[in-house]
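Work through the following exercises on charged side-chain pairs, using the sequence and coordinates shown below.

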Amino acid sequence: MKFFSIVFLALGYTSFAQDIDAAKKAIDAEQYEKAKSILKEAVNKTPDNGKAAFLLGNVYLRQNLQDSAKIFFDKGLKAKDFAEFNYIGLGQIDLDNGNASAAQINFDQATKDMRKKDLEQYVYIGKAYTNSDNPNFKKAIEVLNKAKAINMNDAQTLLALGDAFYGDKNQNEAYAAYRNAANADASLLRAKLQLGVLLKGAKAYTEAKNALDKVLAENPNYGPVYRELAETYFGIALADKSKYKEYTAKALESYEKYMSLTDYSLASRMRHADFLIVAKDYKALEKEALEMKKLDNVNPRILRYLGYSSYENGNIDEAIAALKDFTSNPKNKIIGRDYLYLGMAQLKKAIPATSGDAKPVIDDVLYKTAVANFQKAVNLDKPMANELNDIGKVYFDQKLYKYAAGIYEVATSNPNSQNYLYDNFFLGYSLYFEYAGEDVKKADVVEALKKADVAFANVTLASPTTQDAHIYRARVNGVLTDAAAKDQMAKSYEEFVKVVTDKGPETVEKNKSKFVEAYQELARYYSKTDKAKSNDYIAKALALEPTNADTLNLQKALK
């Protein structure tokens, strides 16, 4: 009887090991629903082994379902064997929540009884540091090197090291680690896949595709390679506009193949949705979002996808409703683009499109809310400022200068924006065109014109030869009444004359009327302090336009 008990125990362990191996393969293939099904059964069949609970919790973490992950980690801690691994899962949750000290306590618990040749705990701790929402790649490398010191040829250690080096932007070390992992275990497709990912990241798209095709040759049903192929094809599309349509189609086809091989789970659908945003296929995104809503009506990220796609497909009210709901929940992981899209939707509603010369009926309160959301977007993610340039231009071209100015003002709040110079120029233009004819005694008018002065000053500082920035700065200060503004007006007109003169006679000829303007204003400026200089400017203006009435009247007034 004792013999049969031992046999059944051995068979049970073998079955458990096979389940764990099958689950790991499913996880690697990003078939998370399949992996969860296998692991849930393993937890129920073998509750005394904590490894299945740990792996199951990790799958939930990959799906950003922290509460579900914690349930299984806590369950795994009660197991007789391998319970310590679940401290690693709890440690990653601590990292995700920004509590590194609590994470360290859990990691210490996981490693305190390690035997001399054990290394798997170090590997999973390294992965926790790499995969956390708050990654610490250097710490991951430090821990993984402990595992490497135990066995320098362990393929999983080398693969995890490659991921940590890649996250730390150390491409050379990442490449070496992935290559060594593939050499240590020829069946480890993930390592070979990552070699292609490195090439894709370096924009070596032809080489990346060749590397990925080699992985497909080994296993045409390995799902993750199709996702990387999709992103590689899209990289080619962006790099060569003549191939954009062809390679975007290939990218979307590859992503569909990835989806078909990763069980169309909510997690894989979300990755697909993220790609559709990048590829700007908003019809497909709205369709995918609605499919996800059927699977999980309460998952907050679905609101993001519905909001983006609804906006792009012209369903403005739906976009506002979805994105207000999403951004108002502090538990959601909000990104700058969420506020950008919410602001764009509110702006479209605040300033509706009109036909012909009809003026839109503008909702100023909603407009201000939209601009506030643009500022939130830039505060969260500085590059969002780049997106505002085209938005502001729409309203500038409609001569809705006040409303364009509000958008450009947010855009200029990021001095590192690629459009910073252009945005300052149009901010200055917008404010000047809107307020130059207003009552300069009003405080808000003065404030707006001083903002215009700063905007043009930013342009001239970054690009001193931008002639129109000088003349418009002069015009702005010409409208203002204080002495400092008048001094700046003169300096700006003089700088305009110098900059254009240095560009040669042809440029001077093209700007003749602006020269006359500059000379007239400088003559007025110097009329009370330097008559000779004032008369000299009048003479220069008359040399360009001898019959100009304003110049002749100015000449008479100075006699």
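A residue counts as partly exposed when its relative accessible area lies between the buried class, under 20%, and the exposed class, over 50%. The model is predicted.

**Exercise 1.** Classify both partners of the salt bridge between Lys70 and Asp74, and locate them in the secondary structure.

*Solution.* Begin with the contact itself, in which the closest N and O atoms of Lys70 and Asp74 are 2.8 Å apart. Next, take the accessibilities: Lys70 has a relative accessible area of 40%, so Lys70 is partly exposed, and Asp74, at 29%, is likewise partly exposed. Finally, both residues belong to helix 4 (residues 66-76), where they are 4 residues apart, about one turn of the helix.

**Exercise 2.** Determine which parts of the chain are tied together by the salt bridge of Glu120 with Lys24.

*Solution.* The closest N and O atoms of Glu120 and Lys24 are 3.7 Å apart, and the pair forms a salt bridge. Because Glu120 lies in helix 7 (residues 120-131) while Lys24 lies in helix 1 (residues 2-28), the pair ties together parts that are 96 residues apart in sequence. As for accessibility, Glu120 is partly exposed at 26%, and Lys24 is partly exposed at 32%.

Key
Residues are numbered from 1 along each chain as its sequence is written. This is a predicted model: local features need pLDDT of at least 70, side-chain atom pairs count only at pLDDT 80 or more; totals for chains, interfaces and linings use all residues. Side-chain values use heavy atoms; hydrogens and water are left out. A salt bridge is a side-chain nitrogen of Lys or Arg within 4 Å of a carboxyl oxygen of Asp or Glu. Helices (H or I, at least four residues) and strands (E, at least two) are DSSP runs, numbered from the N terminus. Buried means under 20% relative accessible area, exposed over 50%, partly exposed in between (1.4 Å probe, protein chains only).
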